Amino acid sequence: MEKQALATLATITAISVSIITPTSALADGMKYNQAIYEEIGMDRLEVIDWVQDPKRNVYGKTEDETMQYLIASTKEEQTSNIRMDTTAARGSWSNQWFAKGGWIARNGMWSLSLQPTWWAATATPTRYYYAESAWATVPPQFSSSRHWTAYPTASKMMKEQFDCHVRYGNLKTPYNLEPSRTSISQITCN
């Protein structure tokens, strides 16, 4: 009888702890605690709001998938040794779709870094409508670069990365597109 009471008490305690600490969620063995939310610059409610808003989360990304995307993006930015391509840096590129765009090297890998403007925050399907117009301005500006032309599948892979980032809207910007990719994760987009 005493063992049963202790087991019941342990179960109640475990349930209480999980209810009392709403800033923790378990995904693929990774615990999301308050420090993770501070690191990505969003709190759990903001992430949940994005996940539950069908206008922003059209593809039904789960909270875990969204957290993995944000964590991977944050870690990528923190660990990157970023430098600009000096030939591209001479002139700053922007248009109505992008506040800026240019080639950067992160840990030796070249990326086309695009900072979308207002359209990335619009609701879908409007965002997808604008995304096609926005993307149409990118190849004419950057496809002659040695960073793009060095890879035969660059156009296809960069468009796939771009489309993946667009699915998340402006949840994480800039969009860093790597021409050397041969496949991408649909969660992290790189």
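Guide: Here are a few labels, each set against its criterion. Note that this is a predicted model. The protein has nine helices and six strands.

Visitor: What makes strand β4 largely enclosed by the rest of the structure?
Guide: Burial does. A residue is buried if its relative accessible area is under 20%. In β4, residues 98-106, seven of the nine residues are buried, so the strand is largely enclosed. For the protein, buried residues make up 39% of the 190 residues.

Visitor: Why are β4 and strand β5 called paired?
Guide: Pairing needs at least two bridges found by DSSP. Eight bridges join β4 to β5, residues 109-116. G102 stands opposite S113 in β5.

Visitor: What lies between the strands in the hairpin of β4 and β5?
Guide: Two residues. In this hairpin, N107 takes a positive phi near 50°.

Visitor: Why are helices α6 and α9 called roughly antiparallel?
Guide: Look at the angle. Helix α6 (residues 126-136) and helix α9 (residues 154-167) pack at about 150°. Angles over 145 degrees count as roughly antiparallel. The two helices are therefore roughly antiparallel to each other. Their axes are 11 Å apart, and the crossing is right-handed.

Visitor: Which residues make the contact between α6 and α9?
Guide: From α6, they include Y128, A131 and W135. From α9, they include M158, F162 and V166.

Definitions and conventions
Residues numbered from 1 in each chain as written. Predicted model: local features only at pLDDT ≥ 70, side-chain atom pairs only at ≥ 80, totals over all residues. Heavy atoms only, no water. Helix = DSSP H or I, 4+ residues; strand = E, 2+ residues; numbered from the N terminus. Buried < 20%, exposed > 50% of the residue type's maximum accessible area, 1.4 Å probe, protein only. Axes fitted to C-alpha atoms, helices over the stretch in contact; angles between N-to-C directions. Parallel < 35°, antiparallel > 145°, perpendicular 65-115°, else oblique. Left-handed = near helix turned anticlockwise from the far one by under 90°. Contact = heavy atoms within 4.5 Å.
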